[in-house]
Amino acid sequence: MSTSDSKLMRGDIPRPFHVLKARQFDRPFLDYLCLLTDTIRKFDKTTAGLKYLQSLLSHKRAMLYFTQPSTRTFLSFQSACHILGIKSSEIRDASISSERKGESIEDSLRTFSSYVDLIIMRSPVAGLCDHIADLLDATDRPVSIINAGSGPDEHPTQALLDIYTLNRSFIKSGGIEGKTICMVGDLKRGRTVRSLSQLLINYPGIKLIYSSPKEFNIEADLKKMLIEHKISFEETDDFIDAIGSSDAVYMTRIQDEYDSVAGASKAVDTSKFRMSGQHLKYLKPNAIIMHPMPRREEIAPEVDHDPKAKYWRQERNGMWTRTALITMLLGVDNHIALPDF
Ligand code: NCD
């Protein structure tokens with residue numbers, strides 16, 4: 001598990017400079033990230049391993065700019081920084097930053113880039129991360145940007161940790177290829193659904209089932225992307241049939257923060273799209289249940305005790321996947337010796 005310069009060549013896998021959207025990743029990248037994550041998490045087993053990880057990026061600083069609510073994405077990124085020895089600073093409320101004095105978001109982010117090597121940002125504005133990345137790329141001090149959620153648009157690092165969780169869960173059953181994945185809930189505004197769908201097109205034979213009330217069906221652009229890539233998919237409001245045909249059931253929350261009229265989501269009947277202990281009998285014997293969290297009533301707490309429930313593990317996987325990703329962005333992934341690579 002120590003540095004091995006003989007293993008520094010990582011084939012043709014380019015290191016990303018920014019992480020902005022799921023479609024920037026291809027299958028070799030996903031396979032590499034999963035292997036890297038598997039390897040890095042083994043360092044957690046010994047004090048020496050953890051100290052080694054902490055030494056890798058102790059000369060770097062990161063800014064977490066989170067102006068939309070977050071618990072696990074924020075904490076898992078912050079923990080990933082700490083694991084790698086990166087010093088982190090944070091802004092979680094734009095109203096107490098100079099944006100309140102009328103500073104533009106562009107100027108604020110350019111200011112942060114003067115102080116740090118990496119900006120991890122979550123914002124309610126779709127496309128903002130791309131815009132900031134373009135802006136910083138044109139300066140003499142470009143820094144890496146990670147999109148940690150951009151409005152209802154994209155959440156690429158959640159999708160990466162979802163892939164890692166799927167990959168691990170299906171390791172003994174041939175991997176993600178050929179599996180049926182069902183996504184349930186607010187598929188219209190759920191950015192995790194959009195980003196995960198985008199990554200799943202990298203797996204031949206994949207079948208996607210989208211199960212929601214019609215008000216929350218997937219958007220036309222996502223459908224178009226699936227058709228262009230010849231991905232087999234179906235939309236249905238038959239929740240029981242959908243979960244019964246799937247290898248993974250990905251539950252999601254109603255994203256009512258994006259309601260154009262406050263309370264509009266409450267008018268939609270979502271009661272059919274909930275997983276309770278009663279539903280477990282409909283699932284395939286090796287099926288898994290995932291959720292990006294936070295959950296509301298779409299998964300009953302009694303489901304937590306079933307071995308099919310993987311959402312708590314999924315959260316922890318997020319910390320390790322993000323740790324692995326940051327080693328790539330900041331150019332130290334080649335200090336992790338990989339088995340069989
Ligand atoms: C998701 C998000 O923010 O999009 N949460 C997360 O990052 N784990 C899902 C959600 O908020 O419903």
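Predicted model: local features only at pLDDT ≥ 70, side-chain atom pairs only at ≥ 80, totals over all residues.
Let's start with a pocket.

Now the classes. Two helices, α7 and α8 (220-228), each supply at least two of the lining residues. And where does the pocket lie? Domain 1 (7-154 + 316-335) and domain 2 (156-315) both give residues to the lining, so the second largest pocket lies between them.

Next, the largest pocket. Its volume is about 390 Å³. It has 21 lining residues, and those closest to the centre are Arg 122, Arg 191, Arg 253, Met 293 and Pro 294. Two elements give two or more residues to this lining: α3 (72-83) and, again, α7. By class, the lining holds 11 polar residues, five charged and five nonpolar. Domain 1 and domain 2 each provide at least three of the lining residues.

So, helix α7. It runs over residues 191-200. Is it mostly covered or mostly open? Mostly covered: 10 of its 10 residues are buried. Among them are Arg 191, Arg 194, Ser 195 and Gln 198. Arg 191 is one of the residues closest to the centre of the largest pocket.

On to the rings. The whole structure has seven aromatic pairs. One of them is Phe 43 with Tyr 52, a stacked pair: 5.7 Å centre to centre, with 20 degrees between the planes. Why does Tyr 52 count as buried? Because its relative accessibility is 19%, and the cut-off is under 20%. Phe 43 is at 1%, so Phe 43 counts as buried too.

Now take Tyr 210 and Phe 233. Their ring centres are 6.4 Å apart and their planes stand at 75 degrees, so this pair is edge-to-face. The pair links distant parts of the chain, 23 residues apart: Tyr 210 sits in strand β6 (residues 207-211) and Phe 233 in strand β7 (residues 232-236). Tyr 210 is buried, at 1% relative accessibility. Phe 233 is partly exposed, at 23%.

Last, charges over rings. Arg 92 lies over the face of Phe 74, 3.8 Å from the ring centre. Lys 179 lies over the face of Phe 170, at 5.2 Å from the ring centre.

Definitions and conventions
Residues numbered from 1 in each chain as written. Heavy atoms only, no water. Buried < 20%, exposed > 50% of the residue type's maximum accessible area, 1.4 Å probe, protein only. Helix = DSSP H or I, 4+ residues; strand = E, 2+ residues; numbered from the N terminus. Phe/Tyr/Trp six-rings, centres within 6.5 Å; stacked < 30°, edge-to-face > 60°. Lys NZ or Arg CZ within 6 Å of the ring centre and 35° of its normal. 1 Å grid on protein atoms, 1.4 Å probe; cavity = no way out; pocket = protein on both sides within 12 Å on 5 of 7 lines; lining within 4 Å. Points joined across faces, edges and corners; volume = space filled by probe spheres on them. Nonpolar A, V, L, I, M, F, W, Y, C, P; charged D, E, K, R; others polar. Domains from an automatic or database assignment.
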